[in-house]
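Please read this briefing with the sequence and the 3D view side by side.

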Amino acid sequence: MLEHIADYVSIKGNRWKRNQSIMSPALQQKVDDKPLWGQELYQHLVSSKIVLNITRGPFYAAETGVNLRIFEAMAAGCFVLTDYCDEVADLFEIGLEIETFKGSKELVEKVLYYLSNDDARLAIAKRGQQKISQHYTWKKRVEYMLSYMD
C-alpha cells in the first residue's frame with residue numbers, strides 16, 4: 001500500500017526495519033526507524049495532514065481494523081485515513097468523522113484529494129475529535145461498562 005503513496009509519506013516507528021526487504025529503496029528512504037512515544041508521538045500526529053492507519057493485508061493480518069491509533073489520533077484532532085472494515089463503520093460515520101479506503105487505488109485517490117482539500121480534511125478531523133470526546137474518552141467508556149453491572 002505504501003509503495004503507491006511513497007512520494008507523500010514519512011514513516012515513523014521502530015518496527016519498520018523488519019519490512020525493509022519488501023520495500024523499494026524509495027520507500028526505505030522515508031523510514032525513520034526509531035520509536036515514538038509520549039509528547040514526541042503527539043507532536044508527530046498533530047503535525048501530520050493525514051494519519052494513515054493500515055491494519056489489514058498480507059503483512060498486517062489484524063483481526064480487526066480498530067486499534068488504539070485510530071482513537072489517539074482522532075482525540076488529538078487528526079484526520080485519520082484507515083483501511084475499511086465493518087468495525088470502523090460501526091463506530092464512526094465514514095466520510096464525516098473518519099475516512100477509509102478499500103485497496104491501493106482508492107488509497108492514492110483519497111490521499112491526493114485530502115492533501116489538496118484542507119477544508120474537507122479539517123472538517124472530518126474536527127467531527128472525529130468531537131465524536132471521540134462525546135463517546136470514547138476513558139471516563140465515558142468506564143461509565144458505559146459500569147452501567148452493565150446494575
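With a relative accessibility of 38%, Leu96 counts as partly exposed, a label for values between the two cut-offs, where buried means under 20% relative accessible area and exposed means over 50% (1.4 Å probe, protein chains only). The model is predicted, so that local features need a pLDDT of at least 70 and side-chain atom pairs count only at pLDDT 80 or more, while totals for chains, interfaces and linings use all residues. Residues are numbered from 1 along each chain as its sequence is written, and side-chain values use heavy atoms, with hydrogens and water left out.

**Surroundings of Leu96**

- Leu96 is placed in the loop between H4 and E5; helices (H or I, at least four residues) and strands (E, at least two) are DSSP runs, numbered from the N terminus.
- Leaving aside neighbours within four places in sequence, Leu96 is in contact with Ala123, Ile124 and Arg127, where contact means heavy atoms within 4.5 Å.
- Although Leu96 and Arg121 are 25 residues apart in sequence, they are 9.5 Å apart in space, C-alpha to C-alpha.

**Helix H6 and its two sides**

- H6 has 18 residues and spans 26 Å from its first C-alpha to its last, close to the expected 26 Å at 1.5 Å a residue, the expected span being 1.5 Å times one less than the number of residues.
- The residues Arg121, Ile124, Ala125, Gly128, Lys131 and Ile132 of H6 are buried, and they lie on the same side of H6 because they cover an arc of only 125 degrees around the axis, taken from the directions from the helix axis to the C-beta atoms.
- An α-helix has 3.6 residues a turn, so residues three or four places apart point the same way.
- On the other side of H6, Asp119, Leu122 and Lys126 are exposed.
- The buried residues of H6 pack against helix H3 (68-75), helix H4 (86-91), strand E5 (99-101) and H5.

**H6 against H5**

- Helix H5 (residues 104-116) and helix H6 (residues 118-135) pack at an angle of about 100 degrees with their axes 5 Å apart; axes are lines fitted to C-alpha atoms, for helices over the stretch in contact, and angles run from 0 to 180 degrees between N-to-C directions.
- H5 and H6 are therefore roughly perpendicular to each other, since angles of 65 to 115 degrees count as roughly perpendicular.
- Tyr113, Tyr114, Leu115 and Ser116 in H5 meet Asp118, Ala120, Arg121 and Ile124 in H6.
- The residues of this contact of H5 with H6 divide into 5 nonpolar, 1 polar and 2 charged, where Ala, Val, Leu, Ile, Met, Phe, Trp, Tyr, Cys and Pro count as nonpolar, Asp, Glu, Lys and Arg as charged, and the others, Gly among them, as polar.

**H6 against H3**

- H3 and H6 pack at an angle of about 110 degrees, with their axes 8 Å apart, and they are therefore roughly perpendicular to each other.
- Phe71, Met74 and Ala75 in H3 meet Gly128, Gln129 and Ile132 in H6, and the residues of this contact of H3 with H6 divide into 4 nonpolar, 2 polar and no charged.
- In H3, Ile70, Phe71, Ala73 and Met74 are buried.

**Thr100 in strand E5**

- Thr100 is found in strand E5, and at 5% relative accessibility Thr100 counts as buried.
- Not counting residues up to four places away in sequence, Thr100 touches Leu81, Thr82, Asp83, Tyr84, Val88, Ile94, Glu106 and Lys110.

How values were computed: Parallel < 35°, antiparallel > 145°, perpendicular 65-115°, else oblique.
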